[in-house]
Amino acid sequence: YTRGTVTAFAPFDARADAEALRKAMKGMGTDEETVLKILTSRNNAQRQEIASAFKTLFGRDLVDDLKSELTGKFETLMVSLMRPTYIFDAHALKHAIKGAGTNEKVLTEILASRTPTEVQSIKQVYLQEYEANLEDKITGETSGYFQRLLVVLLQANRDPDGRVDEGLVEQDAQVLFRAGELKWGTDEEKFITILGTRSVSHLRRVFDKYMTISGFQIEETIDRETSGDLEKLLLAVVKCIRSVPAYFAETLYYSMKGAGTDDDTLIRVMVSRSEIDLWDIRQEFRKNFAKSLYQMIQKDTSGDYRKALLLLCGGDDE
């Protein structure tokens, strides 16, 4: 059961798709429309089958052909759609921690929003693909409490959802209150342990209880008491505990709001959530930002890039 906008296409014929793609990219000029229509309407597993058929039939690498025939943001989007799911996340993380300067935004977005099972898979794929340990790479490029919370999230040991113990909820809420509001200097470690290890349903109750005890939303305390990368990561974790689709709706909104578009974020979220919860993200977007995701993409992008994003979006929510 998926809340994605992209699902398996039927009837599916990998060879026919491979042939259509080859024809679209052969000779002078490229038929971008065919490329984007096929790749946005097949799910990831089917795209991998098309790539395999493409190699079998023509002895060519589909991704290499896409890279040589397409350009700009449209190329980035099509190549992103071709990456197997966990390789997609592993690749994004690898590029976030390589070379000069770390892209903390990408580390934050991926590690705050993925489930423990997804994080385990990303770590395995990272090791296979890059012959390196993701945790070592991240600790090498980050520091302080920001690093510690990332390491906690990378352990992927969050308690599974089960019966919520109200006594423990009260206790955690009190600990957070004492660590945050009551004390000069926040006890960051308490925040990290509780936010990084307790179950989702437990934490949702803790946030309610925290509000009752302190008169503040936990986000307000984090905002006041912490700063920089740690603050952004704590807020992302809290938002994802409350609602992953709402977190991504906000992420998409801010990637397009104001002057200029953060295309890397827009592409990353649209591709990575298209088969998981993009439908729910659309609902949250409509509810929280008084316009639809579709309308915002339409206004903020252009050309084949826009066409492909709108197809991934899968519809307008008037």
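Me: Helices are DSSP runs of H or I with at least four residues, strands are runs of E with at least two, and both are numbered from the N terminus. Which helix holds Phe 88?

Reply: Phe 88 is found in helix α6, residues 85-96. This is a predicted model, where local features need pLDDT of at least 70 and side-chain atom pairs count only at pLDDT 80 or more, while totals for chains, interfaces and linings use all residues. Residues are numbered from 1 along each chain as its sequence is written, and side-chain values use heavy atoms, with hydrogens and water left out.

Me: Why does Phe 88 count as buried?

Reply: Buried means under 20% relative accessible area, exposed means over 50%, and partly exposed lies in between (1.4 Å probe, protein chains only). Phe 88 has 7% relative accessibility, so Phe 88 counts as buried.

Me: What is Phe 88 in contact with, leaving aside its neighbours within four places in sequence?

Reply: Contact means heavy atoms within 4.5 Å. Phe 88 is in contact with Ser 80, Arg 83, Arg 268, Val 271 and Ser 272. Ser 272 is 184 residues from Phe 88 in sequence, but the C-alpha atoms are 7.7 Å apart in space.

Me: Why is the pair of Phe 177 and Tyr 210 called edge-to-face?

Reply: Rings of Phe, Tyr and Trp (its six-membered ring) pair if their centres lie within 6.5 Å; planes under 30 degrees apart count as stacked, over 60 as edge-to-face, and the rest as tilted. This rule gives eight aromatic pairs. For Phe 177 and Tyr 210 the centres are 6.4 Å apart and the planes stand at 80°, so the pair is edge-to-face. The pair links distant parts of the chain, 33 residues apart: Phe 177 is in helix α11 (residues 166-180) and Tyr 210 in helix α13 (residues 200-214).

Me: What makes Tyr 253 and Tyr 254 an edge-to-face pair?

Reply: Their ring centres are 5.1 Å apart and their planes are at 80°, so the pair is edge-to-face. Tyr 253 is at 13% relative accessibility, so Tyr 253 counts as buried. Tyr 253, Tyr 254, Phe 285 and Phe 289 form one aromatic cluster.

Me: Which ring face does Arg 42 lie over?

Reply: A charge sits over a ring if NZ of Lys or CZ of Arg is within 6 Å of the ring centre and within 35 degrees of the ring normal. Arg 42 lies over the face of Phe 9, at 3.8 Å from the ring centre. Lys 94 lies over the face of Tyr 130, at 4.9 Å from the ring centre.
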